[in-house]
Amino acid sequence: MPKTVIALLGSPILDGNTARLLDEAIRGVEEEGVRVEKIEVAQMDILPCMEFFQCKGSENCLIEDEMTEIFRKFREMDGLIVATPVMTMGVPGRLKSFIDRFQVFYMAKYHRGNSFISPERRKKRKMLFISIAGMNIPNVFDGVRMTMQAFGEIIDCPLWAEVLQNDMDTVQDITTRPEVMEAAYRKGRELGRLLQ
């Protein structure tokens, strides 16, 4: 059975700089023979977590929307790429709502002590994180990195590597930074190799 990577685009701009970097990483993964499913979070019709807490005692979320199928895919995937811009020192709102819905995974792992992902599979699962930020200030990626680290632990797909580019207010077009595009591609290929 072929390995599968989910590639999450967290940017509301579907053909912008973040998407270009994600596409390079996807190209790298696919060249290693790994199947990739790209999900544009901004296009999804999902509600935020409403803290109904049904997931404390159930594997399912009380809210029935597109996330139901996403939960299944995240249980089955071998790797994950998350690509997002920094907005107000965090991730965009729609991506944050998407991540927060993984209370289903959190409750299984930390409340009931029965993670959806076995320890053996966790050892193999990896997350590649790609992010851009407009500002050129120290620590601009700290908030999004902490979010991704927490997300990776909850879903048992630990943060493995990252490709970051700050000062995009000056850079404007990521294609003028071929070394960053190449880094995304190379990390994608490495991820694909490691998952085989």
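Aromatic pairs and a helix beside them

A: Ten aromatic pairs occur in the structure, a pair being two rings of Phe, Tyr or Trp (its six-membered ring) with centres within 6.5 Å, stacked if the planes are under 30 degrees apart, edge-to-face if over 60 and tilted otherwise. The model is predicted, so local features need pLDDT of at least 70 and side-chain atom pairs pLDDT 80 or more, while totals for chains, interfaces and linings use all residues. Residues are numbered from 1 along each chain as its sequence is written, and side-chain values use heavy atoms, without hydrogens and water.

The pair of F74 and F102 is tilted, because the ring centres lie 4.8 Å apart with the planes at 55°. F74 belongs to helix α2 and F102 to the loop between α3 and α4, 28 residues apart (helices are DSSP runs of H or I, at least four residues, and strands runs of E, at least two, numbered from the N terminus). Both F74 and F102 are buried, meaning under 20% relative accessible area with a 1.4 Å probe, protein chains only.

F74 also forms a tilted pair with F151, at 6.2 Å between centres and 45° between planes; since F151 lies in helix α6, this pair ties together parts 77 residues apart in sequence. Ring pairs join F71, F74, F98, F102, F105, F116 and F151 into a cluster.

In α6, the buried residues are V144, M148, F151, G152 and I154. They lie on the same side of α6, because they cover an arc of only 160° around the axis, taken from the directions from the helix axis to the C-beta atoms.

Key: Buried < 20%, exposed > 50% of the residue type's maximum accessible area, 1.4 Å probe, protein only.
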